[in-house]
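Dear colleague,

Please find below the structure that I am handing over to you. The findings follow it, arranged by topic.

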Amino acid sequence: MLATLLIFSVNDTAYAADKSAVASAFLQNSTTTDPIVLSLQHFEQIQSYQVMVRSLSPPDDTKIIRYSYRKPGYVRMDFTEPHSGAVLIYNPVNGKVKLWPFGVGNFPVLSLSPTDSLIQDANGHRVDQSDFSVLLNNIRSLQHEGTTTPLGEDIIAGKSTLHLSVVGPEGKTVDAVHRYDIWLDKKSGFPAKVVSYALDGKMLETVFMDAMVINIHFPADFFAP
């Protein structure tokens, strides 16, 4: 019914050609040139973020969600499409998800497990496994014995991004994904666009992330209304 956001060694020679681009991006003082590692390092340094997520899945499944995250793992999703007004909140302390199908303050209020099929999408993505670090670690797993190809720079929603293609080794998938195309915002280091593909090459999902605010200060009751 409701979808979550998703999502070891790399070829240093391949990255050498893009070294100057990477050096001008996030975390310039890092000793690695792997943009995925840099992004994970940046995630370790932040406390919260909020981003607008637009997800497109074949044949015609569109989701628009305001996604909010605060460490150690609080997640809030405010839905615009589908189920306009629905709000879903995950509390990592008690491991429960609260769902307001018609908006906070309106009945009913459902208390669910993150594994409940009601709040998983067709690929089994879970709200408690939906932040940037999960996506980036999935990509890191495919990098192990796989291939990582820098594809230059693109402009996504007015932002300068670094485009990478990561393909897992033959026969390997992570959460049903064998290949990721990812565009990393060169300023924040976080994904601006991600396209995932199955083992047979079928496109699974395209996700755009915009209007990102890092280290946002949420109201005291934002994750516990």
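**The sheet and its strands**

S196 stands opposite E205 in β11. Strands β10 (residues 191-197) and β11 (residues 203-214) pair in the antiparallel sense over 5 bridges; two strands pair if DSSP finds at least two bridges between them.

Please note that this is a predicted model, in which local features need pLDDT of at least 70 and side-chain atom pairs count only at pLDDT 80 or more, while totals for chains, interfaces and linings use all residues. Residues are numbered from 1 along each chain as its sequence is written, and side-chain values use heavy atoms, with hydrogens and water left out.

The secondary structure of the protein comes to 4 helices and 11 strands. The 11 strands form an open sheet in the order β6-β5-β4-β3-β2-β1-β11-β10-β9-β8-β7, with antiparallel pairing. At the edges stand β6 and β7 (147-156), each with a single partner strand, so one side of each has no neighbour in the sheet. On average, neighbouring strands of this sheet are turned by 20° against each other, direction ignored.

**Helices across the sheet**

Helix α3 (residues 35-45) lies across β1 (48-57), β2, β8, β9 and β11, and runs at about 60° to β9. Helix α4 lies across β1, β7, β8, β9, β10 and β11, at about 130° to β9. For these angles, axes are lines fitted to C-alpha atoms, for helices over the stretch in contact (heavy atoms within 4.5 Å); the angles run from 0 to 180 degrees between N-to-C directions.

**Burial and cores**

Of the 225 residues of the protein, 51% count as buried. Buried means under 20% relative accessible area, exposed over 50%, and partly exposed in between (1.4 Å probe, protein chains only).

The largest nonpolar core has 41 residues, and those with the most contacts inside it are Y49, Y67, M77, L88, F132 and I182. Its largest share, 5 residues, comes from helix α4 (residues 132-143). Another core, of 7 residues, lies apart from it and includes Y74, I89, F222 and F223. A nonpolar core is a set of buried Ala, Val, Leu, Ile, Met, Phe, Trp, Tyr and Cys residues joined through side-chain atoms within 4.5 Å.

**Individual residues**

Y90 is placed in strand β4 (residues 87-91) and counts as buried because its relative accessibility is 10%. Among the residues that Y90 touches, not counting those up to four places away in sequence, are G73, Y74, V75, P114 and V127.

K63, in strand β2 (residues 61-70), is also buried, with a relative accessible area of 8%.

Which peptide bonds are cis? The bond from K71 to P72 is cis, with omega near 15°, and so is the bond from F107 to P108, with omega near 0°. P72 is found in the loop between β2 and β3 (74-81), and P108 in the loop between β5 (96-100) and β6 (110-112).

Two residues other than glycine have a positive phi: H83, near 55°, and D175, about 55°. H83 is in the loop between β3 and β4 and is partly exposed at 34% relative accessibility. D175 is in the loop between β8 (159-167) and β9 (179-185) and is partly exposed at 39%. Most residues other than glycine have a negative phi, and most peptide bonds are trans.

With kind regards

Terms used. Helix = DSSP H or I, 4+ residues; strand = E, 2+ residues; numbered from the N terminus.
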